[in-house]
Amino acid sequence: MEQLSELHDVTYRAMMGEYIIYYRGKIVGGIYDDRLLVKPTKSAVAMMPNADLELPYEGAKEMLLVDDVDNKEFLRELLESMYEELPAPKKKK
């Protein structure tokens, strides 16, 4: 989370020993087995064309592995570019 500190409105929620990461209320990805994985939006793929697709857990959809986790500026640009492509949060009942 320290690496995402340049962004406002980044939150996380622990879930089954892993962490789901939200940016401005939308799920962008998570931390799974010490790996930062993000949803494979068009902008994320464009910014990381050689990124591996990995499963966060059994039965999940593949996500992009972020290798450059030490570059705060890159992470800020990545999440900002992904935001418009992410689905709106589901309404709670």
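Author: Contact means heavy atoms within 4.5 Å. This is a predicted model, where local features need pLDDT of at least 70, side-chain atom pairs count only at pLDDT 80 or more, and totals for chains, interfaces and linings use all residues. Residues are numbered from 1 along each chain as its sequence is written, and side-chain values use heavy atoms, with hydrogens and water left out.

Reader: Which residues does Leu-78 contact, leaving aside neighbours within four places in sequence?

Author: Val-38, Ala-44, Met-47, Met-48 and Val-66.

Reader: What makes a set of residues a nonpolar core, and which have the most contacts inside the largest one?

Author: The members are buried Ala, Val, Leu, Ile, Met, Phe, Trp, Tyr and Cys residues, joined through side-chain atoms within 4.5 Å. The largest such core has 19 residues, and Val-38, Val-66, Leu-78 and Leu-79 have the most contacts inside it. E2, E4 and H2 each supply at least two of its residues. H2 gives the most, with five. Another core lies apart, with six residues, among them Tyr-22, Tyr-32, Leu-37 and Met-63.

Reader: How exposed are Tyr-12 and Tyr-19?

Author: Tyr-12 has a relative accessible area of 48%. Tyr-19 has 38%.

Reader: What makes Tyr-23 and Tyr-83 an edge-to-face pair?

Author: Their ring centres are 5.6 Å apart and the planes stand at 80°, so the label holds. The pair links distant parts of the chain: Tyr-23 is in strand E2 (residues 18–23), Tyr-83 in the segment after helix H2 (72–82), 60 residues apart. Tyr-23 and Tyr-83 are buried.

Reader: What sits over the ring of Tyr-83?

Author: The charged end of Arg-24 does, 3.9 Å from the ring centre. Lys-26 lies over the face too, at 4.2 Å. The test asks for CZ of Arg or NZ of Lys within 6 Å of the centre and within 35 degrees of the ring normal.

Reader: Why is E3 called largely enclosed?

Author: Five of its seven residues are buried, so the rest of the structure largely encloses E3.

Reader: How do you know which strands pair with E3?

Author: Pairing takes at least two DSSP bridges. Five join E2 to E3, antiparallel. Four join E3 to E4, also antiparallel. Tyr-22 has Ile-27 as its bridge partner in E3. Tyr-32 stands opposite Arg-35 in E4.

Reader: Where are the positive phi values?

Author: Arg-24, in the turn of the E2 and E3 hairpin, has a phi of about 50°. Asp-33 takes one near 50° in the hairpin of E3 and E4. Each hairpin has two residues between its strands. Met-16 has about 55° although it is not a glycine. Met-16 lies in the loop between strand E1 (10–15) and E2.

Reader: Why are Met-16 and Asp-33 called exposed?

Author: Met-16 has a relative accessible area of 75%. Asp-33 has 52%. Both pass the 50% limit, so both are exposed.

Notes: Buried means under 20% relative accessible area, exposed over 50%, partly exposed in between (1.4 Å probe, protein chains only). Rings of Phe, Tyr and Trp (its six-membered ring) pair if their centres lie within 6.5 Å; planes under 30 degrees apart count as stacked, over 60 as edge-to-face and the rest as tilted.
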